[in-house]
Amino acid sequence: MGTLYLIPTTLGDTPPLEVLPISIKRAIEDIDHFIVENEKTARRFIKKISPRKSQPSLQLSLLNKYTEESALPGFLEPCLNGHSVGVLSEAGLPAIADPGASVVAVAHEKNIKVVPLVGPSSLLLALMASGLNGQNFAFNGYLPIDSKARKSAIKKFEKKSKDLGQSQLFIETPYRNDKLFEELQKTLLPHTQLCIACDITLATEYIITKTMAQWKGTVLDLHKRPAIFIVQG
């Protein structure tokens, strides 16, 4: 039986082998079956890692928000036939804030061995560099889009952080980052700490932690830049 490999990718347009171990290159060179979010970007990444690999030999299955759950077992048929399969995220680690988790669950149901490979996690890299609590933290995904519900969620996470001593991590669609930062400045208490970590591992990397009193009046350009927000009350 084949193995399901979870293959990390870069967090941006960084030369892959600057942030990825050689094990990623070896895995990609040995695998022809991949489960990916976007065929074009997956092929581009594979070509960067292994320029000599035959692109026509690649067999790619698309896994995104439009994929029917009933299609997932078929993605793993190669494993049942003795071929390994690789799961590629659009950025960072597969199955973390990523649809890959669904196919990993099916692999366990089918007793297919799952092997996670080492690579960059924007969440953990942000937390490492934040100076906030790395012993007790929670990742909350996306905040609500509705303004009233978003403000309520921000206050809830701030209170939870203060009550539990727990860092609260969340993300936003990059084109809404600036609006979220404005709302955080209006909503969070002056002594609450906020870390903003964007463009992690890129030349434009920006990771700063301040109290909200210190952030007051700051204007940032976070538009379309992948960012992690960490709140600690």
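Modeller: Happy to! The largest cavity holds about 30 Å³ of space, where a cavity is a set of points on a 1 Å grid over the protein atoms alone at which a 1.4 Å probe fits but cannot get out. The volume is the space filled by probe spheres set on points joined across faces, edges and corners. This is a predicted model, so local features need pLDDT of at least 70 and side-chain atom pairs count only at pLDDT 80 or more, while totals for chains, interfaces and linings use all residues. Residues are numbered from 1 along each chain as its sequence is written, and side-chain values use heavy atoms, without hydrogens and water.

A search of the whole structure for cavities of 30 Å³ or more finds one. Around the largest cavity sit Ile 35, Val 36, Glu 37, Leu 63, Val 87, Leu 88, Asp 98, Pro 99 and Gly 100, lining residues being those with an atom within 4 Å of a point. Strands β2 (33-36) and β4 (85-88) each give at least two residues to this lining (strands are DSSP E runs of at least two residues, helices H or I runs of at least four). By class, six of the lining residues are nonpolar, one is polar and two are charged (Asp, Glu, Lys and Arg count as charged; Ala, Val, Leu, Ile, Met, Phe, Trp, Tyr, Cys and Pro as nonpolar; the others as polar).

Now for the open space. The largest pocket has about 1100 Å³ (a pocket is an open set with protein on both sides within 12 Å along at least five of seven lines). Of its 40 lining residues, Leu 11, Ser 89, Glu 90, Ala 91 and Gly 92 come closest to the centre. The pocket lining comprises 21 nonpolar, eleven polar and eight charged residues. Helix α3 (39-49) supplies the largest share, five residues, and α7 (122-130), β6 (137-142) and β10 (227-232) each bring at least two.

Just after α7, Gly 131 adopts a positive phi of about 80 degrees.
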